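Open the model in a viewer and keep the selection tool at hand. The stops below go one after another.

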Amino acid sequence: VFPLAGDATGLKQGADGRIDGIADLVAGVPDSGLTAAMGYAKASGIPYEIIFHKNSYVGRTFIKPKQKSRESSVQVKLNPIREAVEGKRVIMIDDSIVRGTTSDRIVKMLREAKEVHMRVSSPPFLWPCYFGTDVPARDQLIAYNRSIKEISDLIGTDSLDYLKIERLEELVGGNLGICKGCFTGKYPMEPPAEDIRGEFDK
């Protein structure tokens, strides 16, 4: 287990997602993965680097309704800094993987890297969310009915790991309740019987 140092998210992610061998750098996917990446780097002692230039005028890609628009938005949103990753073993941190569209495209962008190990600062999304985070139907979630190894193979990483569900309450702390519906299927109230969120293609 890594030393007790760094941001809480990064620390827990580091403890859960340690890789075998030595990586050259830790990097976050802007902007959602940056805080966890900084904490992971501090807790692990692996240098933190910025490896992406972000176009700030493109919003969240996974909530776009059409697959084609999601793919094109990823390409416009992020540009890798080739000199930062070329020939290096990279630990890439993001806050979640929903459909896998964004992660797949980002990993392809890092083809100059020697290795890409992805660590996710949330558990796998296995159930739809009805409370505002735009997590779609189960059959559109990349983690549904797939092992972590299968997901890793699909998005093209050398390894993949998620934050463990048991650590969520440690991460939040205090007496605050946590909705874990999209991770466990146990919602704080009865979800709607029909999908009221509109049409999304796969």
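Is Asp 24 buried, partly exposed or exposed? With a relative accessible area of 29%, Asp 24 is partly exposed; buried means under 20% relative accessible area, exposed over 50%, and partly exposed in between, with a 1.4 Å probe and protein chains only.

The model is predicted, so to speak of local features pLDDT of at least 70 is needed, side-chain atom pairs count only at pLDDT 80 or more, and totals for chains, interfaces and linings use all residues. Residues are numbered from 1 along each chain as its sequence is written, and side-chain values use heavy atoms, with hydrogens and water left out.

**Stop 1: Asp 24 and Arg 89**

A salt bridge here is a side-chain nitrogen of Lys or Arg within 4 Å of a carboxyl oxygen of Asp or Glu. The pair links distant parts of the chain, 65 residues apart, with Asp 24 in the loop between α1 (8-16) and β1 (25-28) and Arg 89 in strand β4 (residues 89-94). Helices (H or I, at least four residues) and strands (E, at least two) are DSSP runs, numbered from the N terminus. Arg 89 is also partly exposed, at 26% relative accessibility.

**Stop 2: the sheet**

Select β1, β4, β5 and β6, which form an open sheet of 4 strands in that order, with parallel pairing. Two strands pair if DSSP finds at least two bridges between them. At the edges stand β1 and β6, each with a single partner strand, so one side of each has no neighbour in the sheet. From one strand to the next the twist averages 20°.

Zoom in on β1 and β4, which run parallel and are joined by 4 bridges. Val 26 stands opposite Ile 91 in β4.

Which residues lie on each side of β6 (residues 159-162)? Ser 159 and Asp 161 are on one side, Leu 160 and Tyr 162 on the other, and all are buried, which leaves both faces of the strand covered.

**Stop 3: helix α6**

Next, select helix α6 (residues 148-155). This helix lies across β5 and β6 and runs at about 125° to β6. Contact means heavy atoms within 4.5 Å; axes are lines fitted to C-alpha atoms, for helices over the stretch in contact, and angles run from 0 to 180 degrees between N-to-C directions.

Within α6, show Asp 153 and Lys 149, 4 residues apart, about one turn of the helix. They form a salt bridge, with the closest N and O atoms 2.9 Å apart. Lys 149 is exposed, at 55% relative accessible area, while Asp 153 is partly exposed, at 48%.

**Stop 4: Arg 82, Glu 86 and Glu 112**

Select these three residues, which are linked in a network of salt bridges. The side chains of Arg 82 and Glu 86 meet at 3.6 Å, N to O. Both are partly exposed: Arg 82 at 46% relative accessibility and Glu 86 at 42%. The count of salt bridges in the model comes to 7.

**Stop 5: helix α5**

Finish at helix α5 (residues 101-109), where 7 of the 9 residues are buried, so the helix is largely enclosed by the rest of the structure. The buried residues are Thr 101, Thr 102, Ser 103, Asp 104, Ile 106, Val 107 and Met 109.
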